[in-house]
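Q: Could you walk me through this structure? I have not worked with it before.

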Amino acid sequence: MAIQCSLTYSPTPPRFRFNPSHVTQSKTNLKFNLITKPSPLRAFLPSTRKLTPTRTSTFQCLFTGIVEEIGTIKTVGVTSDGGFDLKIQAKTVLDGVNLGDSIAVNGTCLTVTEFDTNVSDFTVGLSPETLRKTSLIELEPSSVVNLERAVTPATRMGGHFVQGHVDGTGEIVSKVPEGDSLWVKVKAGKELLKYIVPKGFIAVDGTSLTVVDVFDDESCFNFMLVAYTQKHVVIPFKKVGQKVNLEVDILGKYVERLLSVGFVDNIKKS
């Protein structure tokens, strides 16, 4: 990241007075302000963006799984510096956005590298590891994605704690309507299925959902989407055979870790 130093000098007499004693002192009364700029490696991207002061948030990359809006992919592709960028059309998540903010895209925590509120879009970068671990590799122009901004201290926790760290992908194996609701069955690897329990939480493409049943013999689980949810998330738009991002409830992994290091045995001994 390039760093510049700017020296601010005001000739107004009341604000600046020369003191000869300062000439012999080792310290100076001049103040330097650090100015940071985005990496010049992204100079090839459109520069029409609104720059606003960077804010500091108490939380870093934490979400609720309550999708704020459905965005549309405008462009995808490899950048000149070897990265991979997504430009997404959106509106709601751009309210108050700053460079460096975290936005969950189909449940994947990504960093805003560019945004333009005039044309309502923003850009996020993807690493090779993100492409390997998530279903974002399947995205193309006009694809729709779930979007959610990271929480703030004032955010209502309407879903559950979602980190935006995708554990793996699942495959939609069936979609069956029942009344105005929709049953969705997803196949997942056994390494993830062990953390999925009936009536437990799971984030599917960043949507906080309640597991209905787990089918160990099929390596599957299912959930139901009510009519309202179907209109506000991307899962109903996906076809059987397509991938979805999965993030299991972090509590299950913590419990497994505690048991593996003998936490229970240590309690019994004490």
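This is a predicted model: local features need pLDDT of at least 70, side-chain atom pairs count only at pLDDT 80 or more; totals for chains, interfaces and linings use all residues.

Q: Which strands pair with strand 9, and in what sense?

A: Strand 9 (residues 168-178) pairs with strand 15 (residues 243-248) over four bridges in the antiparallel sense. Strand 9 also pairs with strand 10 (residues 181-187), again antiparallel, over seven bridges. Strands are DSSP runs of E with at least two residues, and helices are runs of H or I with at least four, numbered from the N terminus. Two strands pair if DSSP finds at least two bridges between them.

Q: Which residues face each other there?

A: E171 has K243 in strand 15 as its bridge partner, while P177 stands opposite L182 in strand 10.

Q: How many residues lie between strand 9 and strand 10 in the hairpin?

A: Two residues lie between them, and G179 in that turn has a positive phi of about 65°.

Q: And S181, is that buried or exposed?

A: S181, in strand 10, counts as buried because its relative accessibility is 11%. Buried means under 20% relative accessible area, exposed over 50%, and partly exposed in between (1.4 Å probe, protein chains only).

Q: What is S181 in contact with?

A: Apart from neighbours within four places in sequence, S181 is in contact with M224, L225, V226 and Q230. Contact means heavy atoms within 4.5 Å.

Q: Changing topic, how many aromatic pairs are there?

A: The structure holds one aromatic pair. F221 and F223 form it, tilted, at 6.2 Å centre to centre with 35° between the planes. Rings of Phe, Tyr and Trp (its six-membered ring) pair if their centres lie within 6.5 Å; planes under 30 degrees apart count as stacked, over 60 as edge-to-face and the rest as tilted.

Q: Are F221 and F223 buried or exposed?

A: F221 and F223 are both buried.

Q: What about D116?

A: D116 lies in strand 6 (residues 108-116), and counts as buried because its relative accessibility is 6%. D116 and V97 are 19 residues apart in sequence, and their C-alpha atoms are 9.9 Å apart in space.

Q: Lastly, where is I267?

A: I267 is in helix 5 (residues 263-269), and is partly exposed, with a relative accessible area of 47%.

How values were computed
Residues are numbered from 1 along each chain as its sequence is written. Side-chain values use heavy atoms; hydrogens and water are left out.
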